[in-house]
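I opened my notebook today to look around inside a protein model.

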Amino acid sequence: MFPTTRLRRLRMHPRVRDLVRETQLDVEDLILPLFVRHGSGEQRPIASMPGQFQWSVDQLPGLVRDIDSAGIPAVILFGIPEQKDAQGSGAWCAHGIVQEAVRAIQAESSRLLVMTDVCFCEFTDHGHCGVLTHHAGRMDVDNDATLDLLVKEAVSHAQAGADLIAPSGMMDGMIQALRRGLDDAGFPHIPIMSYAAKYASGFYGPFRDAAESAPQQGDRKSYQMDPANGAEALREVDLDVAEGADMLMVKPALSYLDIIRRVKERHPGVPLAAYNVSGEYAMVKAAAQAGWLDEQRVALEILTSVKRAGADMILTYHALDVARWLAD
Ligand code: PBG
């Protein structure tokens, strides 16, 4: 008790502060999302995500060298196909945009881990994360028909050389279907990172511009989770663990720190990722551009808080900036 206990004693000398710091943000914890498109010589700025681009495949080797030398261990790929259809068939095409990007990166760097997002919203002309059907008089994503197509997509990514697949569609039974599908196709060693607790969030707005994947009609509330629910996230992650997920993800990150903490406590041994999504990135960028806050300080504070909440790794558009800031 005061005056014997004075917690400020641990804050006075900078080296003491370093010694007692509980959470360390490391570049090795970061995964950089990349948007890839057809064409050549393309590095198209994404207006709602300053500093982020849609890259054509021929630009990837140089980019990947920079990512690798920054010490970032992994990228996750999102593809913008040339053509879309009702089924999203571009997603499992052997020469689809993601498959070509995976090959280009694997040809360049053997150190970088190449992850792929497995979903359909970028590939369907209606923008939903699976095939549509009429259900009780309403258009909705057909869960079980989508599972078969997700397996085709994931196997095709693995055949192109993906090191890890990350399904983000929030279909029921998705992890079991993908695990069986990958095993049967000869890829039992490919890990699955499940977007296990993914919320129907307004924070994905800039991403949908970047990936050109906004639903043409309706929303994603029949498959992504209600932001009001926490206990349900635990049911989602329990199922995914039981179905064979190797890693879990909570998404978005900042408004869901409580979920990150609860998932980590529920499954302490399962590696947990958090996705610091496009809207979280865009808010920091916009405020920094207006001169209202210090980008470096705030971005590092956000990412540190995500780790403190319990995430082992973070998907973030700030990854290259963080590598630079931590090196300075
Ligand atoms: C695709 C997918 C989305 C994001 C990652 N994978 C968009 C969505 O579900 O609408 C969002 C990522 C971000 O906002 O940075 N299913």
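Which residues does threonine 146 touch, not counting residues up to four places away in sequence? I looked them up and found Phe120, Cys129, Gly130, Val131, Val141 and Met171. A reminder to myself: this is a predicted model.

**Entry: threonine 146.** I placed threonine 146 in helix H4. Is threonine 146 buried or exposed? Its relative accessibility is 0%, and buried means under 20%, so threonine 146 counts as buried. I also saw its side chain reach the backbone oxygen of aspartate 142 at 2.7 Å.

**Entry: the ends of H4.** Just after H4, I noted glycine 161 with a positive phi of about 115°.

**Entry: H4 as a whole.** I counted 18 residues in H4, and from first C-alpha to last the helix reaches 26 Å, close to the 26 Å expected. Of those 18 residues, 13 are buried, so H4 is largely enclosed by the rest of the structure.

**Entry: the cores.** I then turned to the largest nonpolar core, which has 84 residues. Leu182 and Ile260 have the most contacts inside it. Helix H4 gives this core its largest share, 8 residues. Apart from this core lies another, of 26 residues, including Met193 and Tyr275.

**Entry: isoleucine 260.** Leaving aside neighbours within four places in sequence, I listed contacts of isoleucine 260, among them Val250, Leu272 and Val306.

Key. Residues numbered from 1 in each chain as written. Predicted model: local features only at pLDDT ≥ 70, side-chain atom pairs only at ≥ 80, totals over all residues. Heavy atoms only, no water. Core = buried A, V, L, I, M, F, W, Y, C linked by side-chain atoms within 4.5 Å. Buried < 20%, exposed > 50% of the residue type's maximum accessible area, 1.4 Å probe, protein only. Helix = DSSP H or I, 4+ residues; strand = E, 2+ residues; numbered from the N terminus. Contact = heavy atoms within 4.5 Å. Polar contact = N/O pair within 3.5 Å; in protein donor to acceptor, adjacent residues only side chain to side chain. Expected span 1.5 Å × (residues − 1).
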